[in-house]
Amino acid sequence: GVALDETANQAGGPRISNVEIKGPLKATGVSDTPSRRKLLVCRPANAAEEAPCAKQILGTLAKRAYRRPVNDEDLNGPMAMYEEGRRKGGFEEGIQKGVMAILASPKFLYRYTVPPADAKSGDTYPISDLELATRLAFFLWSAVPDEQLIDIAAAGKLRDPGVLEAQVRRRHHCPALQDQ
């Protein structure tokens with residue numbers, strides 16, 4: 001509930017004096033939601049499976065977040081955060097810390113184009129297939145490239161005119177095209 005304090009404040013109007021949130025009242029454990037299932041692509045059956053499973057979970061997320069295939073170097077930071085969280089609170093807390101590392105990474109937060117080493121100011125140069133995939137996805141779908149688009153771009157096939165047209169026309173990503 002919200003309690004309004006009807007006394008005038010400095011601005012001359014009512015203000016909220018306190019907020020109380022109740023619930024969920026009968027929650028037990030962590031909720032099983034579609035987004036949680038999508039993130040947790042594996043579940044370790046024992047302690048020996050935890051680190052490989054964490055690497056799979058964080059690698060899958062990092063591929064989407066960084067909009068490109070990832071390697072061990074990309075996962076060093078998230079896995080270190082996973083280990084720290086795991087030591088303090090178990091597998092789930094480790095995953096939470098690893099996810100936080102990915103979402104705080106400049107590789108996720110910034111979209112940038114790396115110019116060729118010999119490029120001069122004002123030069124025009126082609127972008128990579130992965131950079132093209134990112135621009136395409138954000139322009140058409142207002143979202144990061146999905147796994148299919150990343151894989152096609154990583155294979156160097158996105159520049160093929162037929163492949164590019166097929167990706168532009170994929171209906172399940174563009175609500176405006178779904179009704180046609």
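**Figure 1. Polar contact at D160 in the predicted model.** In this predicted model, a polar atom of the D160 side chain lies 3.0 Å from the backbone nitrogen of G162. D160 itself is placed in the loop between α7 and α8. With a relative accessible area of 41%, D160 is partly exposed.

**Figure 2. Overview of the chain.** The chain contains nine helices and two strands. Read from the N terminus, its elements follow the order β-β-α-α-α-α-α-α-α-α-α. The chain has 180 residues, and buried residues make up 26% of them. Among contacts with a separation of 6 or more, 44% are between residues 24 or more positions apart. The accessible surface amounts to about 12200 Å², and carbon and sulfur atoms account for 55% of this area.

**Figure 3. The largest nonpolar core.** This view shows the largest nonpolar core, a set of 16 residues. The residues with the most contacts inside this core are I57, L58, Y82, F91 and I95. At least two residues of the core come from each of the helices α2 (47–66), α3 (72–89) and α4 (91–104). Helix α2 supplies the largest share, with seven residues. In soluble globular proteins, nonpolar side chains tend to be buried together.

Figure 4. When residues up to four places away in sequence are not counted, I95 touches L40, A54, I57, L58 and Y82.

**Figure 5. Q167 in helix α8.** Q167 belongs to helix α8, which covers residues 161–168. The relative accessibility of Q167 is 3%, and because this value is under 20%, the residue counts as buried. The side chains of Q167 and R170 are joined by a polar contact of 2.9 Å. With neighbours within four places in sequence left aside, Q167 is in contact with L136, W141, Q148, L149, I152 and L158.

**Figure 6. The largest pocket.** The largest pocket has a volume of about 390 Å³. Its lining consists of 15 residues. Y66, R68, Y112, E131 and T134 are the lining residues that lie nearest the centre of the pocket. Helix α6 (residues 129–141) contributes five residues, the largest share of the lining. Rolling a probe the size of a water molecule over the atoms shows where empty space is left.

**Figure 7. T134 and its contacts.** T134, one of the lining residues nearest the centre of the largest pocket, is located in helix α6. Its relative accessible area is 10%, and T134 is therefore buried under the 20% limit. Leaving out residues up to four places away in sequence, T134 touches R67, R111 and P145.

Figure 8. R111 is found in the loop between α5 (106–109) and α6. Whereas T134 is buried, R111 counts as exposed, at 55% relative accessibility. The two residues are 23 residues apart along the chain, and their C-alpha atoms are separated by 8.1 Å. Apart from neighbours within four places in sequence, R111 is in contact with R67, T134 and F138.

Figure 9. Although R67 is not a glycine, its phi is positive, at about 65°. R67 lies in the loop between α2 and α3, and it is buried, with a relative accessible area of 6%. S142, likewise a residue other than glycine, has a positive phi near 50°. The place of S142 is the loop between α6 and α7 (147–154). At 63% relative accessibility, S142 counts as exposed, whereas R67 is buried.

Terms used. Residues numbered from 1 in each chain as written. Predicted model: local features only at pLDDT ≥ 70, side-chain atom pairs only at ≥ 80, totals over all residues. Heavy atoms only, no water. Core = buried A, V, L, I, M, F, W, Y, C linked by side-chain atoms within 4.5 Å. Buried < 20%, exposed > 50% of the residue type's maximum accessible area, 1.4 Å probe, protein only. Helix = DSSP H or I, 4+ residues; strand = E, 2+ residues; numbered from the N terminus. Contact = heavy atoms within 4.5 Å. Polar contact = N/O pair within 3.5 Å; in protein donor to acceptor, adjacent residues only side chain to side chain. Areas by Shrake-Rupley, 256 points an atom, 1.4 Å probe, with all protein chains shown as cover. 1 Å grid on protein atoms, 1.4 Å probe; cavity = no way out; pocket = protein on both sides within 12 Å on 5 of 7 lines; lining within 4 Å. Points joined across faces, edges and corners; volume = space filled by probe spheres on them.
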